[in-house]
Amino acid sequence: NFVKSNFPEILDDVKSLFYNREYPSNRYQNNLYRKVVRICKKQGIKTAINEKNKKEKIRSLETCDYFS
């Protein structure tokens with residue numbers, strides 16, 4: 001596999017992150033999304049194209065189900 005051949009030092013981390021899936025868990029994705037929003041807010045970077053999307057993302061962030 002690609003990671004095993006090219007990045008053997010992170011193989012265990014990748015296995016635990018994806019654990020028989022093609023994508024990280026919803027919990028991991030939600031946590032990553034919250035971190036990105038927090039950093040963007042701190043740096044003054046928009047995380048939504050329009051107000052409707054922004055409100056939906058904030059509501060989702062609060063309920064922690066954005067990627068569900």
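## Surface and overall make-up

The protein chain exposes about 6,100 Å², and carbon and sulfur atoms supply 53% of that area. The model is predicted. Of the 68 residues in the protein chain, 16% are buried.

The protein chain holds four helices and zero strands. Read from the N terminus, the order of elements is α-α-α-α. Taking the contacts between residues at least 6 apart in sequence, 47% link residues at least 24 apart.

## Confidence

Mean pLDDT for the protein chain is 78, with 69% of its residues at 70 or more. By element, α1 has the highest confidence, at 91, and α4 has the lowest, at a mean of 57. Where pLDDT is low, the predicted coordinates should not be read in detail. That caution bears on α4, given its mean of 57.

Helix α1 covers residues 2-6 and includes Phe2. The relative accessibility of Phe2 is 58%, so Phe2 counts as exposed, because the cut-off for exposed is over 50%.

Phe2 also belongs to a nonpolar patch on the surface, together with Phe7 and Ile10. The accessible area of these three residues together is about 300 Å².

## Val14 in helix α2

Val14 is part of helix α2, which spans residues 11-18. Its relative accessibility is 24%, and Val14 therefore counts as partly exposed. The value falls between the limits of under 20% for buried and over 50% for exposed.

Apart from neighbours within four places in sequence, Val14 makes contact with Val3 and Tyr19. Lys4 is 10 residues from Val14 along the chain, and the C-alpha atoms of the two are separated by 9.7 Å.

## Thr47 in the loop between α3 and α4

Thr47 sits in the loop that joins α3 (26-43) to α4 (51-63). With 28% relative accessibility, Thr47 counts as partly exposed.

Thr47 and Val36 are 11 residues apart in sequence, and their C-alpha to C-alpha distance is 8.5 Å.

How values were computed:
Residues numbered from 1 in each chain as written. Predicted model: local features only at pLDDT ≥ 70, side-chain atom pairs only at ≥ 80, totals over all residues. Heavy atoms only, no water. Patch = residues over 30% accessible without salt bridge, like charges linked within 9 Å, V, L, I, M, F, W, Y side chains within 5 Å. Areas by Shrake-Rupley, 256 points an atom, 1.4 Å probe, with all protein chains shown as cover. Salt bridge = Lys/Arg side-chain N within 4 Å of Asp/Glu carboxyl O. Helix = DSSP H or I, 4+ residues; strand = E, 2+ residues; numbered from the N terminus. Buried < 20%, exposed > 50% of the residue type's maximum accessible area, 1.4 Å probe, protein only. Contact = heavy atoms within 4.5 Å. pLDDT = per-residue confidence, 0-100.
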